[in-house]
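User: I am new to this structure and would like to learn how to read what surrounds a ligand. Please show me the model and start with the terms.

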Amino acid sequence: MSIRIKLLLSYTGMLVLSLLMFGVTAGLFTIAATGDLHSIRDFYKVHYQLNPLTEQEESIFLELKYLAKNDPDELLNKDLLIDYDFKLRTVRAGLYVRRESNQVFESFTFHQPELEQFLPPYDLNNSQIRNTFNIGERFYAYAKFDFAYSDGAKGSVFVIRERSPFAEVTRRLLPILSFILIGVLVIANMLLYRWITKSVIKPLNLLRSSAERIQEGDLQFALDLHSKDEIGKLNEAFENMRKRLQESVQLRLQDEENRKELISNISHDLRTPITNIKGYIEGIRDGVADTPEKMDKYVQIIYSKAVDLDKLVDELFLYSKLDLKQVPFTFEPVNLASFLDDCIDELHYSLQEQGIQIAWTRRTSKPAWVLADVEKLKRTVVNIIDNAQKFMDKPQKQIDLALTLDDQWVTVEIRDNGMGIPPEAIPHLFERFYRAEQSRNSSTGGSGLGLAIAREIIEGHGGKIWVTSEQGSGTSLFFTLKRTSVHGGEHA
Ligand SMILES: Nc1ncnc2c1ncn2[C@@H]1O[C@H](COP(=O)(O)OP(=O)(O)OP(=O)(O)O)[C@@H](O)[C@H]1O
Ligand SMILES: [Mg+2]
C-alpha cells in the first residue's frame, strides 16, 4: 500500500472518528437539553414545531380532549385525573385541570405555585391549543383544551411539560454547528493531507527520480535541500552520496586521462634518446665516422644518450614505486644541519666546476633533529640542486641553503638566482612529467620527474614541499619535516 493511500485512509479514519465523536456528544447534549431520550426522536419532526409535546404526551392529551368533549364531568374525578397524571409523569409531563378560576387538579411534578397565573385564559373556540410560556427562567410547553362542564362552568385541561430553555436553542443551532464542524473538519483534513503530501510524498518522489537518474549514469544535478526534517536529512545524505559518486567518477576519468598522458610522455621521452642512439649507430655502420676522432665522438654521444636513458628509466621506476607506495622508508633520527653539511660537501666540487657558489645559513643554533630516510632525503636535495644548476642563466651563479626551526617543524629553503618560473607553471611543478618549458627539448630540461619524486619523498616523511619564484631573478624551493625529540637513539 502506498504512503499516499495510507495517509488518505488515516485521515479519512480520523475524520469519521471525529464525526462519530461529535455525533455522540451532540446526542448527549441534546438529551441533556430536551430531558430524555425519546424527545430526541421528535426533535426535528414537523409536529414538534407545531406541537411542543412528544407523541406519547400528545396521545394522552387527545384522550383527555375526547373525555372533555364527551363526558366533561369526568374531569372532576380525582382518581381518574391521578391516573392520567401518573401516565403523563412516566413521560415527564404533568396534568392541570381548571374549573372557572379554580384549580381542580395540579400534578405535583410542577412545584410551581405561580403556575396558575401564567396559564392562558379560557377560550371556548380553542383557537390556540398548543403553545409555550415561561415562569422566570423555567420554560414550559403545553397543550390546552377548553370546554364547558355539564353545569355550564368553564373548564380547561392542560398537559404541561417543562422544557429546558436550551432545547430550542439546541434545536436551532445544532444543524448549523454540525454543518460548520463537518466543513471545518473536512477542510482541515484536506489541508493537512495536502501539506503532508507536499512535505513527504513530493520529496520522496524527487528522491526516487534522482536515484533513477543516477542509475542511468546522470550525476550532473543537485537536489534541493530546503527542509530540515527527516526527509530533508535523507535528501542531504543522498546529495552527499551523489557528490561523492560524482567525485569518484571524475577521479576515475582523471586517472584515465593521466594514464594516457603518462604513456604518451614515457614514449616521447624514451623515443628521443633511442632515435639519437639509432642515428649515431647508423652513422658508424654506414662509415660516416671514418676517423678515430669522429668514431670517439660518436661512441661518446651514444654512451651519454644511453646514460640519459638509464637515468630516465631509473627515475620512472622510482617514481612509479613511490607513487604506488611500494618503496619502504627506513626512518632514522637525522640532524638536518649535519645532513645538509654532508650534502654540500658532496656537491661542492661539481658545482664549483660550473662556477656556482653555494652557501648555507642556519638561522638557529638549536639542533634540528628529524626522523628521515637519509638516502631518499638526499635524492630530494640533489634533485632540487640539480634543477637550480640546470636553470641557471646568470653569470654570477649562486645557490643558498637555509634552515629554520619552529616548535614542530624544520624548514629547508634552497634558493637559486636562476631564470625563475612563470607563475602559471608553479601549481603544476610537482606533477610528473611537467616542465615549464613545454617543448620537452632535452637540452633545457629533463623528463619532469625530479620534483614529482621529491614531493613523493617529502610527503612520505609527512612533510610539505612548495615553491616560490620570481621570473628572471630566481626560485626558492622549500620543504618541511617534522621535528623529533629522539636523536641518535636517545631522547633529547
Ligand atoms: N630552480 C628552477 N628554476 C627554474 N625552473 C625550474 C626550477 N626547478 C624546476 N623548474 C621548472 O620545473 C620543471 C620541473 O622540474 P623537474 O625537476 O620536475 O623536472 P626536470 O628538471 O625538467 O626533469 P628531471 O628532474 O626529471 O631531470 C622544470 O622543467 C623547470 O621548467
Ligand atoms: Mg629536475
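Analyst: A polar contact is a pair of N or O atoms within 3.5 Å; within protein, one must be able to donate a hydrogen and the other to accept it, and residues adjacent in sequence count only if both atoms are side-chain atoms. In this predicted model, a polar side-chain atom of Lys-390 is 2.9 Å from an oxygen atom of ligand 1. Gly-448 places a backbone N or O atom 2.9 Å from an oxygen atom of ligand 1. The model is predicted, local features need pLDDT of at least 70, side-chain atom pairs count only at pLDDT 80 or more, and totals for chains, interfaces and linings use all residues. Residues are numbered from 1 along each chain as its sequence is written, chains are lettered from A and ligands numbered from 1 in the order in which they are written, and side-chain values use heavy atoms, without hydrogens and water.

User: How many residues surround ligand 1?

Analyst: A residue is near a molecule if one of its heavy atoms lies within 4 Å of it. Ligand 1 is surrounded by 20 residues, and Asn-387, Lys-390, Asp-416, Gly-448 and Leu-451 are the closest.

User: Which helix gives the largest share of the shell around ligand 1?

Analyst: Helices are DSSP runs (H or I, at least four residues), numbered from the N terminus. α11 supplies three residues, the largest share. At least two shell residues come from each of α9 (292-323), α11 (374-390) and α12 (450-460).

User: What is the domain assignment of the chain?

Analyst: Domain bounds come from an automatic or database domain assignment. Here it gives domain 1 (3-35 + 172-205), domain 2 (37-163), domain 3 (230-321) and domain 4 (328-491). Between the C-alpha centres of domain 1 and domain 3 there are 76 Å.
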